[in-house]
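I opened the model to look up a few local features, one entry per topic. My notes follow in the order in which I looked.

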Amino acid sequence: MEEIINKLLVSYGYKHIRTPIVEKTETFTRAIGAVTDIVEKEMYTWQDLGGDMLTLRPEGTAGCVRMMIEHNLPREGVQKVFYQGPMFRHERPQKGRYRQFHQVGVEIFGATDAKIDAELIAMTAQLWERLGLKNVILEVNSLGSNETRASYRKLLHSYFSQHKDQLDEDSLRRLETNPLRILDSKNIDMATLIANAPKMIDHLDEASAEHFKEFTSLLDCLNIDYIVNPRLVRGLDYYNRTVFEWISSDLGAQGTICAGGRYDGLVEQMGGKPTPGVGFAMGLERLMLLISEQHDSLTQDPPSIYFVALGSDAKKASMKICREIHSTLPEVIVLNDITIGSLKSQMKKADKSNSDFALILGEEEIQANQISIKPLKGQGEQQLISLEGIIAHLQEIL
Ligand code: ATP
Ligand code: MG
């Protein structure tokens with residue numbers, strides 16, 4: 001799966017970067033925002049021996065932005081990068097939700113046009129196709145500009161203030177700090193209240209409305225289906241304008257496999273020169289769950305051989321032949337027996353290994369300068385082949 005993802009991203013012009021797994025806590029708190037699930041309760045943070053506050057990365061964008069600024073990369077033009085690796089969040093572990101999980105994320109710095117937002121969607125749609133995934137639904141929304149979001153926040157504050165009795169503890173706190181976050185709540189008891197709240201999409205500034213129109217018209221021209229979900233606000237503070245999520249109904253509550261959006265203010269907020277940004281991250285465990293839910297496997301297993309060798313001459317010969325198979329047939333899996341048991345016990349292991357063929361080299365074969373090859377799956381007779389001819393024979397049959 002990772003190979004398929006890498007190939008696709010490289011073909012769209014993204015460069016693979018690696019940022020540290022541990023960064024200063026401040027990098028995350030500044031980027032993600034104080035009133036978010038991640039910063040409020042999910043980060044693994046500690047003080048190191050030098051007194052610095054450090055955190056295991058809960059997401060990848062903050063480190064990417066820190067790196068862009070540190071190396072002044074956006075100055076060299078548009079940057080298209082991707083990362084992959086472990087992320088850490090102190091959550092309640094359950095299916096599709098773990099404390100260490102893996103993401104592949106993509107970020108573009110230096111592009112404002114909705115064309116790139118739409119290309120990100122086209123690229124992920126292409127990925128679902130390559131992974132053979134079905135029924136993944138795209139939800140989109142626009143969060144507007146910082147200014148319009150501030151006035152929308154006031155609107156939300158007054159709406160939710162009128163219904164304080166229906167808010168849970170988290171939401172009551174967020175009412176004062178960041179009422180937008182209430183829209184993101186997973187509490188089913190508040191679903192109707194949230195559904196009836198004023199919608200950001202009805203209060204966009206003109207430029208953001210235009211950007212969103214352009215974005216959706218590009219999706220239309222690509223025949224990509226989407227649902228405009230006015231309650232989609234995303235769990236991190238840095239987003240503006242485009243936000244989106246790809247969701248599967250086959251994974252229960254942990255249905256979002258890929259999520260992202262625009263963060264035009266983030267680079268500046270982190271201390272860099274104003275640089276627009278947009279990106280997404282996908283959860284690899286959830287993708288794996290979905291693949292195993294929907295079909296058997298992504299690829300065919302390569303051909304495989306189990307090498308059974310008896311006695312010290314055969315041991316030496318087996319090592320030479322295995323080396324030759326590895327160099328002439330690099331795709332083939334070759335397991336050279338290492339338990340050195342009897343013929344019977346080695347053959348048992350060969351069967352158990354699920355290999356396609358056993359190569360058998362006993363005293364008799366060595367004497368005759370020959371080697372036996374036995375198909376382990378399906379029909380076919382055991383055959384004797386000359387030692388010199390075995391590589392050519394394997395090249396023919398594998
Ligand atoms: P959720 O609403 O499910 O908590 P999120 O909004 O916190 O997700 P993001 O921060 O957007 O998630 O992360 C992007 C993707 O990473 C998610 O869509 C999901 O596929 C995956 N992901 C996030 N948290 C976890 C986790 N704890 N375990 C496994 N995958 C995760
Ligand atoms: Mg979360």
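**Entry: Tyr14.** I took helices (at least four residues) and strands (at least two) as DSSP runs, numbered from the N terminus. The model is a predicted one. With that numbering I placed Tyr14 in the loop between helix H1 (2-11) and strand S1 (15-16). Is Tyr14 buried or exposed? I found it buried, because its relative accessible area is 3% and buried means under 20%. I then listed its contacts, leaving aside neighbours within four places in sequence: Leu9, Lys80, Val81, Phe82, Val106, Glu107, Ile108, Ile116, Glu119, Leu120 and Met123. I also checked the separation from Met67, 53 residues apart from Tyr14 along the chain, and got 16 Å between the C-alpha atoms.

**Entry: helix H4.** I went to H4 (residues 61-70) next and asked how many of its residues are buried. The count is 8 of the 10, so the helix is largely enclosed by the rest of the structure. I noted the buried ones as Thr61, Ala62, Gly63, Cys64, Val65, Arg66, Met67 and Met68. What covers the buried residues of H4? I found that the cover includes strands S2 (22-24), S5 (79-88) and S6 (100-109), together with helices H2 (25-32) and H11 (266-269). Just after H4 I came to Asn72, which has a positive phi of about 50°.

**Entry: other positive phi values.** Most residues other than glycine have a negative phi, and I noted the exceptions for that reason. Asn223, not a glycine, has a positive phi of about 60°. I located Asn223 in the loop between H10 and strand S8 (227-228), and with 68% relative accessibility it counts as exposed. For Asn354 I read a phi near 65°, again positive in a residue other than glycine. Asn354 sits in the loop between helix H14 (343-352) and strand S14 (357-361) and is exposed, at 53% relative accessible area.

**Entry: salt bridges.** Side chains of opposite charge can pair when their charged atoms come close. I counted salt bridges with nitrogen and carboxyl oxygen within 4 Å, and the total came to 15.

Lys41 is partly exposed at 44% relative accessibility, and Asp37 is partly exposed at 24%. I then found Lys41 and Asp37 in a network of salt bridges that also links Glu40, Asp170, Arg173 and Arg174.

Next I took Glu91 and Arg97, whose side chains meet in a salt bridge at 2.9 Å, N to O. Both Glu91 and Arg97 are buried.

I moved on to Glu293 and Lys95, where the N to O value is 4.0 Å. Which parts does this pair tie together? Glu293 is in helix H12 (residues 284-294) and Lys95 is in the loop between S5 and S6, so the bridge ties parts 198 residues apart in sequence. Glu293 is partly exposed at 46% relative accessibility, and Lys95 is partly exposed at 46%.

**Entry: charged surface patches.** I looked for patches of like charge. Lys315, Lys316, Lys320 and Arg323 form a positive surface patch.

**Entry: nonpolar surface patch.** I noted a nonpolar patch on the surface formed by Ile21, Val22 and Trp46, with about 220 Å² of accessible area together. At 33% relative accessibility, Val22 counts as partly exposed.

How values were computed
Residues numbered from 1 in each chain as written. Chains lettered and ligands numbered in written order. Predicted model: local features only at pLDDT ≥ 70, side-chain atom pairs only at ≥ 80, totals over all residues. Heavy atoms only, no water. Patch = residues over 30% accessible without salt bridge, like charges linked within 9 Å, V, L, I, M, F, W, Y side chains within 5 Å. Areas by Shrake-Rupley, 256 points an atom, 1.4 Å probe, with all protein chains shown as cover. Lys, Arg positive; Asp, Glu negative; His and termini not counted. Charge placed at Lys NZ, Arg CZ, Asp CG, Glu CD. Buried < 20%, exposed > 50% of the residue type's maximum accessible area, 1.4 Å probe, protein only. Contact = heavy atoms within 4.5 Å.
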